[in-house]
Each structure stands twice: as structure tokens, then as C-alpha cells.
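Morning, everyone. Let me put the model up, and then I will walk through it.

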Amino acid sequence: MKTLFTITFNILYGLAAAAPANFEGTAKQLADPNFGPVPGQDPLWSSYSGVDPTFPGNIKDPILPTEHGEPAVDDVVWQNLLAAEWVIFELYQYGVETFTSEQFVEAGYPNTTYDRIVEIRNNEAGHLRIFQNKISPNSIKPGACRYQIPVYEPFTFLAIATLFEISSMAFLTGLVQQAQLPESHAAMVAIAEVETRHETWALIDLWKENPFGGPSDTIFPYANEILEGTNPYVIPGSCPKENPEYPYPRQDLPPFSPAKTTKSLMPGDTFAVNFTDPTNLPSFEEGTQYYMTFFHGPANISIPIDVHGFPDVPIEVQIPAQLEVKGIYLTVITDTMGAPSVDTVKAGPNIILQQPASLGLAVVQYE
């Protein structure tokens with residue numbers, strides 16, 4: 001009996017040891033890259049199952065510079081990525097705090113869904129720490145703002161989370177082009193590989209879709225334009241005053257989406273353009289030809305659009321029929337075919353999902 005008790009105790013002790021507790025600290029301590037668990041060397045981000053925010057997501061203040069000098073060459077890129085990661089982390093943290101495993105099952109999703117949301121939340125917390133450590137001690141490391149996530153049931157939460165995962169692939173292809181150091185390129189590719197696993201899980205388990213998106217994910221060169229799309233989730237005035245502008249540089253382009261009357265977003269379909277912020281509409285110059293440019297895979301296609309009568313007359317555009325029914329399309333309005341430079345983009349971007357296409361329409365309705 002004593003031997004059985006000892007074996008049982010050892011098993012239980014081993015299980016407890018395999019689930020690490022969260023880690024506490026301060027923003028000042030976080031300035032030391034050696035403080036706390038190390039991503040890739042500590043099981044925290046793979047095994048923590050608590051509801052409280054995973055380290056360093058539980059330490060929300062900005063990390064102030066500890067040295068004086070010029071910013072490192074890629075500091076701005078990593079600052080933008082860290083600020084974006086706070087939004088993504090807080091979305092998953094909201095899901096962990098708001099929903100239960102039973103609610104996902106009752107909504108028709110696998111009984112592992114809540115556990116996967118916890119794991120993804122942990123991965124995103126690990127990204128926070130990686131990005132903090134990529135910013136040099138000469139620059140501010142942005143802290144968390146407060147966020148508004150008006151999602152009250154499992155379907156909409158999972159739809160928005162899936163959209164975040166898929167769009168993150170596109171803005172990472174842009175940020176890689178902004179970064180200058182080879183080690184920055186490698187780190188961003190490594191993060192993209194993790195986001196791809198999240199996306200693949202969602203497509204297979206949640207939406208019962210083929211996860212393959214064709215021979216290339218969509219390359220979009222203007223990452224900050226996608227990052228701008230996360231700002232509606234930020235409660236105005238809630239960001240730490242020390243945080244740099246996000247994203248930097250910021251164009252504040254007019255956002256748009258397909259109109260809510262849209263029935264389908266497949267190649268060859270036509271949709272009306274709905275500008276989602278009535279205080280921020282594009283200004284079209286007489287005599288200039290404008291285009292809707294569709295980015296998909298490694299290339300893009302520009303379709304001339306008629307802007308006469310705008311805003312009283314809605315803009316309509318046909319999705320290029322030759323586009324592959326895979327992955328995502330990123331669309332912008334531009335005054336030059338192909339949107340060859342950031343200053344040629346006049347509105348957008350908008351993300352059109354092809355997998356699953358029904359989810360793309362759901363996001364249009366949500367917005």
C-alpha cells in the first residue's frame with residue numbers, strides 16, 4: 001500500500017510540475033531580456049492553463065528605455081509588431097476569460113476548442129516577450145492599451161480570431177520587407193510559421209475546410225495599412241502616453257468593406273464598396289482613373305473603377321474572374337495600376353476570405 005501511495009504521489013507531483021505557474025514582475029524588470037522565462041526554453045507558453053493573462057501579458061505598462069543612443073535599425077518595425085501583438089493577445093485573453101469549454105461544445109465546435117484557444121493565447125503571450133526583446137534598450141517597448149471587443153457568443157469570437165490569424169500572415173509578409181536585419185527576417189518567418197499552425201487548426205477543426213491556400217500566401221507590401229485595421233478595437237485615449245504612434249508611420253486611410261447586401265465574394269462576383277467611417281471618406285480628383293487592386297499570392301490585379309458621383313453613387317467592382325479560389329484577397333483603392341508605392345494607395349485595405357467564403361460574408365455582416 002505504501003508503494004502504491006508513493007507511486008501515485010509521484011505521478012501527481014509530476015503532473016503538477018508539468019503545468020507551470022504564471023510569472024509575475026514589473027515593466028522595469030522586463031527591460032532586462034534575461035528576466036523571467038525564456039521563449040523556447042520554458043514550458044510556460046506551452047503548458048500554462050490558467051485564466052489570468054500569461055506572462056508577460058500580465059504586465060501591461062510600457063517598458064522605458066534603459067540606455068541612451070540611436071534606435072536600432074529595426075526598432076520601429078518591432079514596435080509596430082509589438083503594439084499589434086497586444087491587440088491579438090488581448091483578443092484571445094478575452095476569449096479565455098469570457099467563454100467556457102461547454103459553450104463552444106454547445107455551439108457545435110469540438111470539445112478541444114477552449115483548450116486550443118488557451119494554447120494560442122499562450123503562444124501570443126510568448127510573441128509579446130520575443131518582440132519586447134527584439135527592441136533595443138534605446139527605444140520604448142509599447143505597453144497595452146484597453147480594448148473593446150464587442151463579441152458575446154462563440155461563433156463571432158472564432159470568426160474574428162480566424163480573420164486575425166489569416167490577416168497576420170499578410171502583414172508579416174509586409175513587415176519582413178520593412179525589416180533590414182537578416183535576424184529580423186528569420187524571427188518574423190518563425191512567428192509566421194506559428195500563426196500558420198493556428199490558422200490551419202481553425203480551418204480544419206472549426207470550419208471543416210481544406211487548409212491549403214494555393215502555392216503562395218498573399219504578399220502585401222504595405223503592412224502598416226493592415227495594422228491600422230486593428231485600431232477600431234482600441235478604446236480611444238486608453239493607450240499609455242509613452243507609447244509611440246501606432247502604426248508608425250500612419251496613413252489613416254479611409255477604411256472600406258463590401259456592402260452588407262453582398263451575397264457572395266467569389267471570383268467574378270460584383271460588390272458595392274461600403275466606406276465604414278463616414279468621417280473618413282476618400283477624395284477623388286476629377287480626370288484621374290482609379291483602380292481596385294486585388295493582391296493574391298505573389299502578384300496583384302488592378303480593375304478600373306468608376307468614381308463619378310461618389311459619394312452619392314456607390315462604387316461597384318467585379319472581383320477578377322481569374323483569381324484562384326484559395327486563401328485571401330487583399331484589396332485597396334489606388335490611383336496607379338498595381339499600387340506600386342505606398343503613396344498611390346488611397347483607401348483600404350480590405351480582406352476578402354476565400355476559405356471559408358461563408359466566414360468572409362459573416363465578417364462583412366459583423367463590421
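Start at Asp-252. At 42% relative accessibility, this residue is partly exposed. The cut-offs are these: buried is under 20% relative accessible area, exposed is over 50%, and partly exposed is in between, with a 1.4 Å probe and protein chains only. Asp-252 sits in the loop between helix 9 and strand 1. Its phi is positive, about 55°, although it is not a glycine.

A word on ground rules. This is a predicted model, where local features need pLDDT of at least 70, side-chain atom pairs count only at pLDDT 80 or more, and totals for chains, interfaces and linings use all residues. Residues are numbered from 1 along each chain as its sequence is written, and side-chain values use heavy atoms, with hydrogens and water left out.

Back to backbone geometry. Most residues other than glycine have a negative phi, and most peptide bonds are trans. Lys-208 is another non-glycine residue with positive phi, near 55°. Find Lys-208 in the loop between helix 8 (182–206) and helix 9. Lys-208 counts as exposed, at 61% relative accessibility.

Now the cis bonds. Tyr-246 and Pro-247 are joined by a cis peptide bond, with omega about -15°. Tyr-248 to Pro-249 is cis too. Omega there is near -10°. Pro-247 lies in the loop between helix 9 (223–227) and strand 1 (256–258). Pro-249 is in the loop between helix 9 and strand 1 as well.

Asn-80 is buried, at 2% relative accessibility. Lys-141 is 61 residues from Asn-80 in sequence, and their C-alpha atoms are 9.7 Å apart.

Asn-80 belongs to helix 4. Helix 4 covers residues 75–98, 24 residues in total. From first C-alpha to last it reaches 34 Å, close to the 34 Å expected at 1.5 Å a residue. That expected span is 1.5 Å times one less than the number of residues. Is helix 4 mostly covered or mostly open? Covered: 21 of its 24 residues are buried.

Next, Pro-154, in helix 7 (residues 154–178). Pro-154 is buried, with 10% relative accessible area. Beyond four places in sequence, its contacts are Phe-99, Gln-103, Phe-104, Ala-107 and Tyr-109. Tyr-109 is 45 residues away in sequence, with 9.0 Å from C-alpha to C-alpha.

Zoom out. The chain has 10 helices and 7 strands. Helices (H or I, at least four residues) and strands (E, at least two) are DSSP runs, numbered from the N terminus. The radius of gyration is 22 Å, close to the 21 Å from the globule rule for 367 residues, so the chain is as compact as a globular protein of that length. That radius is taken over C-alpha atoms, and the rule is 2.2 Å times the number of residues to the power 0.38. The C-alpha box, along the principal axes, is roughly 85 × 55 × 35 Å. Of the 367 residues, 49% count as buried. Among contacts between residues at least 6 apart in sequence, 77% join residues at least 24 apart.

That is the tour. Over to you.

How values were computed:
Contact = heavy atoms within 4.5 Å.
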